[in-house]
Amino acid sequence: MSNTNDPSFGASRIDNDVNSQSNRNLALDVYDLIKDIKDPEKPQTLEDLKVVYESCVEVQKVAGQDHITITFTPTVPHCSLATLIGLCIRVKLEKSLPEKFKLDIYLKKGTHSTENEINKQINDKERIAAAMENPNLRKIVENCIDEDNGYD
């Protein structure tokens, strides 16, 4: 039985509500950052193509650190650019978010023929670093994440 005269009564619920609101706000901020990433081969954004949407971003506090999980949907089950899209999302967030966070990016379950392989690639720090050392790939990523750079 709870003691409502106890000053700590309800404090954990208030803390949970504050954390929950903070997580929702960060999730919306993250979504605002990724929704305008341009598709690598089409003139639309990831939001326009329904590759990303507000509910695809989840934020949790784990051991005091923000853990951001993004689950995106490729346009077709054999999308050859799914890895590149995941790379663009990762680079955009790493450049834009000021604080430390853990980031996991996944393809929505059942939406791609090689989702497990792609999920490993876009969450492997060494593969990400190697990809960004390639000047041609780096230029493609920068063009996709640059809000001021439209398609010519």
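# Briefing on a predicted single-chain model

From the N terminus on, the protein chain runs through its elements in the order α-β-β-α-β-α-α-α. The model is predicted. In total, the protein chain has five helices and three strands.

**The chain as a whole**

- The protein chain has 152 residues, and buried residues make up 37% of them.
- Its accessible surface comes to about 9600 Å², and carbon and sulfur atoms account for 48% of that area.
- Among contacts in the protein chain with a separation of 6 or more, 61% are between residues 24 or more positions apart.

**Cysteines**

- The count of disulfides is zero.
- For Cys88, the closest cysteine sulfur is that of Cys144, at 4.1 Å. A disulfide needs two cysteine sulfur atoms within 2.5 Å, so the sulfur of Cys88 is too far from the one in Cys144 for a bond.
- Cys88 has a relative accessibility of 1% and counts as buried, because the buried class takes in residues under 20% relative accessible area.
- Cys79 is also a buried residue, with a relative accessible area of 11%.

**Thr111**

- Thr111 sits in the loop between β3, which spans 101–107, and α3, which spans 115–122.
- The relative accessible area of Thr111 is 15%, which means that this loop residue is buried.
- A polar atom of the Thr111 side chain lies 2.6 Å from the backbone oxygen of Lys108.
- Leaving aside residues up to four places away in sequence, Thr111 touches Phe72, Thr73, Pro74, Val76 and Pro77.

**Residues with positive phi**

- Lys50 is a residue other than glycine, and its phi is positive, near 60°.
- Lys50 belongs to the loop between α1 (11–34) and β1 (57–62).
- With a relative accessible area of 61%, Lys50 is exposed, as the exposed class begins over 50%.
- Ala63 is not a glycine either, and has a positive phi of about 50°.
- The loop that holds Ala63 lies between β1 and β2, the latter covering 65–72.
- Ala63 is exposed too, with a relative accessible area of 84%.

How values were computed: Residues are numbered from 1 along each chain as its sequence is written. This is a predicted model: local features need pLDDT of at least 70, side-chain atom pairs count only at pLDDT 80 or more; totals for chains, interfaces and linings use all residues. Side-chain values use heavy atoms; hydrogens and water are left out. Helices (H or I, at least four residues) and strands (E, at least two) are DSSP runs, numbered from the N terminus. Buried means under 20% relative accessible area, exposed over 50%, partly exposed in between (1.4 Å probe, protein chains only). A polar contact is a pair of N or O atoms within 3.5 Å; within protein, one must be able to donate a hydrogen and the other to accept it, and residues adjacent in sequence count only if both atoms are side-chain atoms. Contact means heavy atoms within 4.5 Å. Accessible areas come from the Shrake-Rupley method with a 1.4 Å probe; for residues, only the protein chains shown count as cover.
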